[in-house]
Amino acid sequence: MIDIRPFAQLGHADHGWLDARHHFSFAHYFDPNRMGWGRLRVWNDDTIAPNTGFDTHPHKDMEIITYVRRGAITHRDSLGNTGRTEAGDVQVMSAGTGIFHSEYNLEPIPTQIFQIWITPTEKGHKPSWATRRFPKQETTGQFTILASGYADDKGALPIHTEARVLGLTLQKGQRSHYTPAKGRMLYLVLASGSLLLNGQHVTTRSGAAISEEEAITLEALDDTEIVLVDTIP
């Protein structure tokens, strides 16, 4: 089963400094049919105006992955962590027992991010934050695991949940395949470009909820950048 979720049909909130699209119910956007997908709870597509951002606020018992598509995001938290994550790179905040943080766009251009929230397998772990560069050559033509709850996934940023976040870039005409373990649920979003997903057309910033597929084949119709979450139900 593949359910294409076009960008134009996503939830939308324009706060002036923040233009947000919601793949799942979030804040004032509510759709009872889109409350999450497996352990994936939130996928927000945010555009943040220059010299603005999210003031300090709390989180608890959530794995929050930020994939920067354009510009950069500057992070500070109550653990004393501070860092700047640039386009193509990833940061992970494990909220655990509780953490306060802020996220600002201190760049002269709008910053665009995917912010992905995944529920932890168990609550109450120690909060943490980390960031990592993922050069494009690492993700070209093959999926790269960006964040993972599995210790065997070396090089990935750790998260406390039975899920993986993967990245892939394809040049126009390239194909790639992905075979999930039985019973897994996938959610895929295009950061840029367009492709055929098992023959179905997916466009920039649109999503696809995937389940009960033995494998997926991706054929790039343009130069395409993809983010995929692979999770348990």
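Helices and strands here are DSSP runs, numbered from the N terminus: a helix is H or I over at least four residues, and a strand is E over at least two. The model is predicted. Its largest pocket has a volume of about 280 Å³. There are also two cavities of 30 Å³ or more. The largest nonpolar core has 25 residues.

**Largest cavity**

- The largest cavity holds about 50 Å³ of space.
- Helix H1 (136-139), S15 and S22 each give at least two residues to the lining of the largest cavity.
- S15 provides the largest share of that lining, with three residues.
- Among the residues that line the largest cavity are Tyr67, Gly88, Phe134, Lys136, Thr139 and Leu146.
- Gly167, Leu168, Thr169, Glu225 and Ile226 also line the largest cavity.
- By class, the lining of the largest cavity has five nonpolar, four polar and two charged residues.

**Second largest cavity**

- The second largest cavity holds about 30 Å³ of space.
- Its lining is made by Ile64, Thr66, Gln91, Val92, Met93, His101, Glu103 and Gln115.
- S9 makes the largest contribution to the lining of the second largest cavity, with three residues.
- Three of the lining residues of the second largest cavity are nonpolar, four are polar and one is charged.

- Thr66 sits in strand S6 (residues 63-70).
- Thr66 has a relative accessible area of 3%, so Thr66 counts as buried.
- Beyond residues up to four places away in sequence, Thr66 touches Asp89, Val90, Gln91, Ile113, Phe114 and Gln115.
- Gln91 and Gln115 line the second largest cavity along with Thr66.

**Largest pocket**

- The lining of the largest pocket has 19 residues.
- Leu18, His22, Phe26, Asn44 and Phe54 lie nearest the centre of the largest pocket.
- Six strands each supply at least two lining residues of the largest pocket: S2 (11-14), S3 (18-22), S4 (40-48), S5 (52-59), S10 (99-105) and S11 (111-118).
- The lining of the largest pocket divides into eight nonpolar, nine polar and two charged residues.

**Largest nonpolar core**

- The residues with the most contacts inside the largest nonpolar core are Leu40, Trp43, Ile65, Ile116, Ile118, Val165 and Tyr187.
- S4, S6, strand S9 (90-94), S11, strand S13 (144-148), strand S15 (163-170), strand S17 (185-192) and strand S22 (224-231) each supply at least two residues of this core.
- S17 gives this core its largest share, four residues.

**Ser206, a buried loop residue**

- Ser206 is in the loop between strand S19 (200-202) and strand S20 (207-211).
- Is Ser206 buried or exposed? Ser206 is buried, because its relative accessibility is 2%, and the cut-off for buried is under 20%.
- The Ser206 side chain reaches the backbone nitrogen of Phe7 at 3.0 Å.
- Apart from neighbours within four places in sequence, Ser206 contacts Arg5, Pro6, Phe7, His23, Leu188, Val189 and Leu190.

**Arg133, an exposed loop residue**

- Arg133 is placed in the loop between strand S12 (128-132) and H1.
- Arg133 counts as exposed because its relative accessibility is 53%, and the cut-off for exposed is over 50%.
- Which residues does Arg133 contact, leaving aside neighbours within four places in sequence? They are Glu86 and Asp89.
- The side chains of Arg133 and Glu86 make a polar contact of 3.5 Å.
- The side chains of Arg133 and Asp89 make a polar contact of 3.4 Å.
- Arg133 and Gly88 lie 45 residues apart in sequence, but 7.4 Å apart in space, C-alpha to C-alpha.
- Gly88 is one of the residues lining the largest cavity.

**Positive phi values**

- Most residues other than glycine have a negative phi.
- Asn51 has a positive phi, near 60°, and is not a glycine.
- Asn51 is in the loop between S4 and S5.
- The relative accessible area of Asn51 is 58%, so Asn51 is exposed.
- Glu212 is not a glycine either, yet has a positive phi of about 60°.
- Glu212 is in the loop between S20 and strand S21 (216-220).
- Glu212 has a relative accessible area of 77%, so Glu212 counts as exposed.

Note on methods. Residues are numbered from 1 along each chain as its sequence is written. This is a predicted model: local features need pLDDT of at least 70, side-chain atom pairs count only at pLDDT 80 or more; totals for chains, interfaces and linings use all residues. Side-chain values use heavy atoms; hydrogens and water are left out. On a 1 Å grid over the protein atoms alone, a cavity is a set of points where a 1.4 Å probe fits but cannot get out, and a pocket is an open set with protein on both sides within 12 Å along at least five of seven lines; lining residues have an atom within 4 Å of a point. Grid points are joined across faces, edges and corners, and a volume is the space filled by probe spheres set on the points. Ala, Val, Leu, Ile, Met, Phe, Trp, Tyr, Cys and Pro count as nonpolar, Asp, Glu, Lys and Arg as charged, and the others, Gly among them, as polar. Buried means under 20% relative accessible area, exposed over 50%, partly exposed in between (1.4 Å probe, protein chains only). A polar contact is a pair of N or O atoms within 3.5 Å; within protein, one must be able to donate a hydrogen and the other to accept it, and residues adjacent in sequence count only if both atoms are side-chain atoms. Contact means heavy atoms within 4.5 Å. A nonpolar core is a set of buried Ala, Val, Leu, Ile, Met, Phe, Trp, Tyr and Cys residues joined through side-chain atoms within 4.5 Å.
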